[in-house]
Amino acid sequence: MDRKFAIKDPLAESRLFLSRIVAAFILILFLIAGLVVRLVYLQVVGHEHYATLSKDNRIKISPLPPTRGVIYDRKGRMLAENVPTYSLELIPEQIQNLDDTLVRLQKLLDISDEKIDLFQKQRKRNKSFTSTPLLQNLSDEDVAKFAVVRPYFPGVDVYARLVRHYPYGDLASHVVGYVGRINEQEMKTLPIAKYRGTNHIGKTGIEKTYEEHLLGTAGYEEIETNAQARAVNTVATVEPVAGSNIYLTLDIDLQKIAYDALSEYNGAAVAIEIKTGGVLVFASRPGFDPNPFVSGISGKDYKALQDSPDQPLYNRALRGQYPPGSTVKPFLGLAGLEYGVTDFGHRLFCPGYYKLPNVDHKYRDWKKWGHGMVDMNEAITQSCDVYFYDLALALGIDKMHDFMDKFSFGRKTGIDLVGEVDGLMPSKEWKRHYRSQAWFPGETLITGIGQGYTQATPLQLAHATATLANYGKVITPHLVHSIISADYADLIGGKADALIPLKTQNVDNIIKGMTNVVHGSRGTAGRLAKAITYQIAGKTGTAQVFTIKQEEKYNEDAIDFKMRDHALFIAFAPVHDPQIAVAIIAEHGGHGGSVAAPIAGEIIDAYLNQKKEAQP
């Protein structure tokens, strides 16, 4: 049987062996290069990252929230303070069975389901290692109850915290505002580092407008922990920087006088220091207690506030839009003088109504039998509607709009509070744009007495009055006088932002008519002059809530309270050295002279007496 023998090829075997050696060598080189690159990355490029991870095995970062700045009134009385309290807080990362822990805590401290739900929402927004409050403002009894069983609740502890408190309650609620827990929507937009360790943010008022100043800067502690994540040593501390303290122009004494004087009426009172623009009074009645909002108001209580027919959450001084009524007449009279449409001595007969040419409809005066022959001085003093119907028609709606706009009617004043509204001073263009309708002459007439589409806020009325008393100097109203921190102090406001070019004689004439409103024998606010030794320039106003038909008679006693006219009054004093301007609205008060004017009188008198007592 034949056999085949393979002949060995030493050269081919050598080549194969050599190629394998080279391939293995190249592979080893690649592996060594990869190892070197990885070592370089670990030791150089990623050193900081991996050193931090290594450090985090034993070092935890604990944020230190800053102390929120305090809010004071102009005399240094605290309107928003930080009070020490106990807070029950949980760190979910350190709790094995969170649901069971919550159930046991709920039984121990009688915690409502609503508080549990609120905690769960807050917990989901925070990191698992972050301490999240479950209960705030713990009583001494609750602290003692928990202290006994503390060892059975790992990850749960009682902390001493500073909590926001508003000592004046509803009196300054719409000015100061309140802080509340950060919600999900806010969490998405807020800088994480800035709010680390902080669960609250300004929601309304000064608290919201000046949040950046009041918040401060967070600090942190580096804490060494053991295997059970318990703190054993503090390695390093970066102290937080407290927020700035804020001093307001508001006078809480005057605020209380205004709030109490409104008494049974819902409404608002605004008083402005004429020379500086500082707001002395910013009262909206009814108010609300802001303190429950800090730790989380219950759904039941919040719904009660929302559903209340008195609308206590509604800031009437800033957002309330009312027909200004006859309070616009001094400004309309000034417009007529400035445009040369009329003069101060022009006389007109008032029979108790006004009729457009070739129109049967009668535009009534508040005085059924009329005022007889009146000039502008008498028309302002007695609040003659017919005189201002005629003047409004002579001016035309667009001139009225343009002039009143200079006094901030129909636009924001620029006050340092979020949420201000524009009000409305109508024009032909406005009606075309928003109503797709033409403007009618009758609408011009009722605009001339502050009715129709015209809407103004109490703040706008006070600001316009201050500008008139200032002879056209426009000073933006402001509530914050100064911001004080450890390294700087910033004073705010006090300078004229604009100047309305007005003839001095025209302003003098209008002020003469307004002075007669209070001090004249036929003035509509005559009772105000009886108890004062100085002069007040003012103007009463009555704003209709509903329209009366042509032949119907308004009978205040026969209609529901909510359908009665609003009572308004604007004023400044003293006449020859204007220092304070005031605007009052008492909802359904009926008569500006009998209801709103006395409220303004109390505020003015208290302010001027304060200044007199402060003089050396």
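Buried residues make up 48% of the 616 residues in the protein chain. The model is predicted, and the stops below go from the whole chain down to single residues.

**The whole chain**

Show the chain as a cartoon. There are 22 helices and 23 strands to colour. Along the principal axes, the C-alpha atoms fill a box of roughly 150 × 70 × 50 Å. The radius of gyration is 36 Å, whereas a compact globule of 616 residues would be near 25 Å.

**Helix 1**

Select residues 10–45, which are helix 1, and find Phe25 there. Then show the side chains of Phe17, Leu18, Ile21, Val22, Phe25, Ile26, Leu29 and Phe30. Together these residues form a nonpolar patch on the surface, with about 830 Å² of accessible area.

**A salt-bridge network**

The structure holds 22 salt bridges. Side chains of opposite charge can pair when their charged atoms come close. Select Asp73, Lys75, Arg77, Asp251 and Asp253, which are linked in a network of salt bridges. Within this set, zoom in on the side chains of Lys75 and Asp251, which form a salt bridge at 3.5 Å, N to O. This pair links distant parts of the chain, 176 residues apart. Lys75 sits in the loop between strand 2 (71–72) and strand 3 (78–90), and Asp251 in the loop between strand 10 (245–248) and helix 10 (252–262).

Which residue of the pair is buried, and which is partly exposed? Asp251 counts as buried, at 1% relative accessibility, whereas Lys75 is partly exposed, with a relative accessible area of 45%.

Asp110 is not a glycine, yet its phi is positive, about 55°. At 70% relative accessibility, Asp110 counts as exposed.

**A negative patch**

Select Asp113, Glu114, Asp117 and Asp301, which form a negative surface patch. Which helix gives the most to the negative patch? Helix 4 (residues 113–125) does, with three residues. Asp301 belongs to helix 12 (residues 299–307) and is partly exposed, with a relative accessible area of 42%.

**Along helix 12**

Stay on helix 12 and pick Lys303 and Asp307, four residues apart and so separated by about one helical turn. An α-helix has 3.6 residues a turn, so residues three or four places apart point the same way. Lys303 and Asp307 form a salt bridge, with their closest N and O atoms 2.5 Å apart. Asp307 counts as partly exposed, at 49% relative accessibility.

**Two cis peptide bonds**

Select Arg285 and Pro286 and check omega: the bond joining them is cis, with omega about 0°. Pro286 is in the loop between strand 12 (279–285) and helix 11 (291–295). Then jump to Ala573 and Pro574, where the peptide bond is also cis, with omega near -20°. Pro574 is found in the loop between strand 22 (566–573) and strand 23 (580–586).

**Helix 16 and its end**

Select residues 385–395, which make up helix 16. How many of its 11 residues are buried? Eight are, and the helix is mostly covered. The buried residues are Asp385, Val386, Tyr387, Phe388, Tyr389, Leu391, Ala392 and Leu395.

**Ser408**

Move on to the loop between helix 17 (397–406) and helix 18, where Ser408 lies. Ser408 is a residue other than glycine with a positive phi, near 70°. Is Ser408 buried or exposed? At 2% relative accessibility, Ser408 counts as buried, whereas Asp110, at 70%, counts as exposed.

**Between helices 18 and 19**

For the last stop, select Glu443 and Lys431, whose side chains form a salt bridge at 2.6 Å, N to O. The pair links distant parts of the chain, with Glu443 in helix 19 (residues 441–447) and Lys431 in helix 18 (residues 428–435), 12 residues apart. Glu443 counts as buried at 14% relative accessibility, and Lys431 counts as buried at 1%.

How values were computed
Residues are numbered from 1 along each chain as its sequence is written. This is a predicted model: local features need pLDDT of at least 70, side-chain atom pairs count only at pLDDT 80 or more; totals for chains, interfaces and linings use all residues. Side-chain values use heavy atoms; hydrogens and water are left out. Patches are made of residues with over 30% relative accessible area and no salt bridge: like charges are joined within 9 Å, nonpolar side chains (Val, Leu, Ile, Met, Phe, Trp, Tyr) within 5 Å. Accessible areas come from the Shrake-Rupley method with a 1.4 Å probe; for residues, only the protein chains shown count as cover. A salt bridge is a side-chain nitrogen of Lys or Arg within 4 Å of a carboxyl oxygen of Asp or Glu. Lys and Arg count as positive and Asp and Glu as negative; His and the chain ends are not counted. The place of a charge is taken as NZ of Lys, CZ of Arg, CG of Asp or CD of Glu. Helices (H or I, at least four residues) and strands (E, at least two) are DSSP runs, numbered from the N terminus. Buried means under 20% relative accessible area, exposed over 50%, partly exposed in between (1.4 Å probe, protein chains only). The radius of gyration is taken over C-alpha atoms; the globule rule is 2.2 Å times the number of residues to the power 0.38.
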